[in-house]
Amino acid sequence: CEECGAKLRDTIVHFGEKGALDMPLNWAGAIKAAGEADAIVCLGTSLKVLKKYRCLWRSGKGKQPKPRLYIVNLQYTPKDAQAELKINAHCDTVMMTVAKELGLQV
């Protein structure tokens, strides 16, 4: 860090990498948001790291229904079978189409 001199650390877990963090940053915020979500949209991820965080994928048991899952990715993910919709395409192409349908200029 240019201000305090502390070592910067990468919080991204790249393919094939274990990662240095026990839990993602802002874990409490992620759990809260997942608990309130009625849909989860995953763009351009294999979901191989996130699959181990079961609390993000509510089981549908209890009072809260399981959120609908939408995936945009070129390759298979472990969550494809649970997805309401899986689009095998480039994220930029899909998101440009979505923006156009919503009347957003990109």
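The structure is a predicted model. Ser46 counts as buried, at 15% relative accessibility. The disulfide count comes to zero, and helix H1 has buried residues that line one face.

**Loop residue Ser46**
- Ser46 lies in the loop that runs between strand S1 (39–43) and strand S2 (68–72).
- Its relative accessibility of 15% is under the 20% cut-off, so Ser46 is classed as buried.
- Leaving aside residues up to four places away in sequence, Ser46 is in contact with Asn73, Gln75, Tyr76, Thr77 and Pro78.

**Cysteines**
- A disulfide requires two cysteine sulfur atoms within 2.5 Å, and by this rule the count is zero.
- Cys4 takes part in no disulfide: the nearest cysteine sulfur belongs to Cys1 and is 3.8 Å away.
- Cys4 is exposed, with a relative accessible area of 59%, whereas Cys42 is buried at 7% relative accessibility.

**Helix H1**
- Within helix H1 (residues 27–36), the buried residues include Trp27, Ala34 and Gly35.
- Viewed down the axis of H1, its buried residues fall within an arc of 100°, and therefore they line one face of the helix.
- Residues three or four places apart in an α-helix point the same way, because there are 3.6 residues a turn.
- Ala28, Lys32 and Glu36 are exposed on the other side of H1.

How values were computed: Residues numbered from 1 in each chain as written. Predicted model: local features only at pLDDT ≥ 70, side-chain atom pairs only at ≥ 80, totals over all residues. Heavy atoms only, no water. Buried < 20%, exposed > 50% of the residue type's maximum accessible area, 1.4 Å probe, protein only. Helix = DSSP H or I, 4+ residues; strand = E, 2+ residues; numbered from the N terminus. Contact = heavy atoms within 4.5 Å. Arc of directions from axis to C-beta.
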